Amino acid sequence: MTSNMALEDFTASIITLIVTILLILVLTYLFRKKSLFYREKIVQEITIFLVMLLGIIFTIFTLPISAEDKNIILTFLGIIIGAAITFASTTFVANAMSGVMLRLINPFELGDFIKINDTFGRVTEINFLHTQIQSIDRDLITIPNRTLISFPLKTIRSSGTIITTSVSLGYNISRSNIEKNLLLAAEKTGLENPFVHVTKLGDFSVTYKVGGLLRDVEGIITARSDFKKNVMDTLHEADIEIVSPTFMNQKVFSQDYVCLPPEEKEIIGQKQEIPEVKTEEIIFDKAIEARNLNQIYKSVEQFPARRKAIEEKLRDLQEERAQNRIKDELTLLEQEEAELKPEIQELKTGPDITADMEEEDRGSIINTIKDIENRASEIDSGLKRLEKRLERLLP
C-alpha cells in the first residue's frame, strides 16, 4: 500500500517529465523536417535548452517533497546555471549581441565580398555567434561577430565598386600622353567613368593612380589582374617606359636603349591562346554556392505572394477569354511550384553545402541545386510573363 501511495505521489512529476521529453522530440522534428530556424542552429539549441530547463523546474515543483527541499534543489540548480553563464558570458553574450546588431544593421548578405582588418573574402555563412567567409586562398575563415562590430567593416556593393592601380613614371613623359593611355587601359578593362589622379610628385618620378567603376563585382579578382595587365600593355604599346629614371642595369647598353619588352612575332599556324579561367569560381566556390542557394530560397518564398497579386488583378480584367487563359497558366505554375517544394525542403534539411564533404557528395548536391535553380527560374519567368501581360491588358 505504501509503495502504491509513493508511486501516485510521483505521478505528476512523471507526467511533467514525459511531456518535456515529448516536447523536445517534437521541436527537434520540426527543426529538422520543417526547417524552422534552419540557418540559426544556435536558436534551435537555445529553444531546446529553455524547454528542458523549464521542464526540470516544473518537475521539481511537482516532486512530493517539502517546500524547503524544493528551494534547496532549485537554489543548487540556479548556482550551477549561473556559474556556467558567468563563465561563458563574456564571449557568448558579446558575440550574441553583436549578432543581433548585425541583423539590425544588415551590412552584408551571403555571397558579398567583405574586408575586416587584413581579412578579405566572400560570406558563406551568417550565424548568431559568428560569420564565416571564404578567403582568396579558398580557405574558410570563421570571424566572431564581436570582431565585425568592433572594427571597421568594408562591404563591396553588388551594384559595383571602384578598382584602382598605381604606376610611377618619369617626369620626361608628357602627362597628357600618360593620362590618355591610362584611361584607355581602364576602358579596355570595362570600367565605367574612368579617372586618373596624380598622387605623388617624387624626386625622380610621378605616381599616377588610375581607376574606374567595376559593375560586375563577381569577377573582381580577375578584373583587378586584367586591369594591371591592360595598364602595362597599353603603356608599352605607346612606347612609354614603366621604369624609374633612377633605374640602373649592370649590363652595358647603348645610350639609345629603351626599357621596353621586344615585340612578339606571331608564327603562322602556331598562335598560342592563353586559356581563360574564371578565377572566382575556383576561389569562392562555397561562397557562390551559398549565395545561389540563398537566392533560390528567397525567390521561391516570393512565389505565393506574386501569384496572389496576379489573382487579385485578374478580378479587374473584363475580357473573359484572356482571364481564363491567364488562370490556366497560373494553375500550371502553381503545380510546378508544388512539385518543387519537397525538393527544396529536402535541400534545406540535407547536409550544409559549405561544410567539408566528399567531392562526389558535393557534386550531387550541386547538381540538385542547379536543377532546382533552373526550375525556379522557369516559374519566375512564367510569373513575369503574366505580370507584364496584365499590365498591358489592364487600363
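How many bridges pair strand S2 (residues 119-126) with S3, and in which sense? The two strands pair over five bridges, in the antiparallel sense; pairing here takes at least two bridges found by DSSP between two strands. Strands, and helices too, are DSSP runs numbered from the N terminus (E, at least two residues, for strands; H or I, at least four, for helices). One spot to look at in this pair is Gly121, which stands opposite Ser135 in S3.

A word on the model itself. It is a predicted one, in which local features need pLDDT of at least 70 and side-chain atom pairs count only at pLDDT 80 or more, while totals for chains, interfaces and linings use all residues. Residues are numbered from 1 along each chain as its sequence is written, and side-chain values use heavy atoms, with hydrogens and water left out.

Taken as a whole, the protein chain holds 11 helices and eight strands. Of its 395 residues, 32% count as buried, where buried means under 20% relative accessible area, exposed means over 50%, and partly exposed lies in between (1.4 Å probe, protein chains only). The chain exposes about 25,700 Å², and carbon and sulfur atoms supply 56% of that; accessible areas come from the Shrake-Rupley method with a 1.4 Å probe, and for residues only the protein chains shown count as cover. Looking at contacts (heavy atoms within 4.5 Å) between residues at least 6 apart in sequence, 66% join residues at least 24 apart.

Back to the strands. S2 and S3 belong to an open sheet of five strands, ordered S4-S3-S2-S1-S5 with antiparallel pairing. S4 and strand S5 (153-156) sit at the edges with a single partner strand each, so one side of each has no neighbour in the sheet. On average, neighbouring strands here are turned by 40° against each other, direction ignored; axes are lines fitted to C-alpha atoms, for helices over the stretch in contact, and angles run from 0 to 180 degrees between N-to-C directions. Strand S3 (residues 130-135) is also joined to strand S4 (residues 140-144) by five bridges, again running antiparallel, with Gln132 opposite Thr142 in S4. These two strands make a hairpin with four residues between them, and Arg138 in the turn has a positive phi of about 75°.

The other sheet is an open one of three strands in the order S6-S8-S7, with antiparallel pairing. Its edge strands are strand S6 (161-170) and strand S7 (192-201), each pairing on one side only. Neighbouring strands of this sheet are turned by 20° on average, direction ignored. Seven bridges hold the antiparallel pair of S7 and strand S8 (residues 205-214), and Val196 stands opposite Val210 in S8. Two helices go with this sheet. Helix H6 (residues 175-188) lies across S6, S7 and S8 and runs at about 140° to S7. Helix H7 (residues 220-237) packs on the sheet by touching S6 and S8, and its direction makes about 30° with that of S6.

Now for the charged pairs. A salt bridge is taken as a side-chain nitrogen of Lys or Arg within 4 Å of a carboxyl oxygen of Asp or Glu, and by this rule the count comes to 13. One of them joins Glu329 and Arg389 at 2.9 Å, N to O, linking helix H10 (residues 320-349) with helix H11 (residues 359-393) across 60 residues of sequence. Arg375 and Glu343 form another, with the closest N and O atoms 2.8 Å apart; this pair also links H11 and H10, 32 residues apart. Arg375 is partly exposed at 22%, and so is Glu343 at 28%. Asp380 and Lys384 meet at 3.4 Å, N to O, and because they are four residues apart in helix H11, about one helical turn separates them. Salt bridges with shared partners join Arg306, Asp380, Lys384 and Glu387 into one network.

Finally, the surface carries a nonpolar patch of Ile46, Phe49, Leu50, Met52, Ile56, Phe92, Val93 and Met97, with about 670 Å² of accessible area together. Patch residues have over 30% relative accessible area and no salt bridge, with like charges joined within 9 Å and nonpolar side chains (Val, Leu, Ile, Met, Phe, Trp, Tyr) within 5 Å. Helix H3 (41-61) and helix H4 (67-105) each supply at least two of the residues, and the largest share, five residues, comes from H3. Val93 lies in helix H4 and counts as partly exposed because its relative accessibility is 41%.
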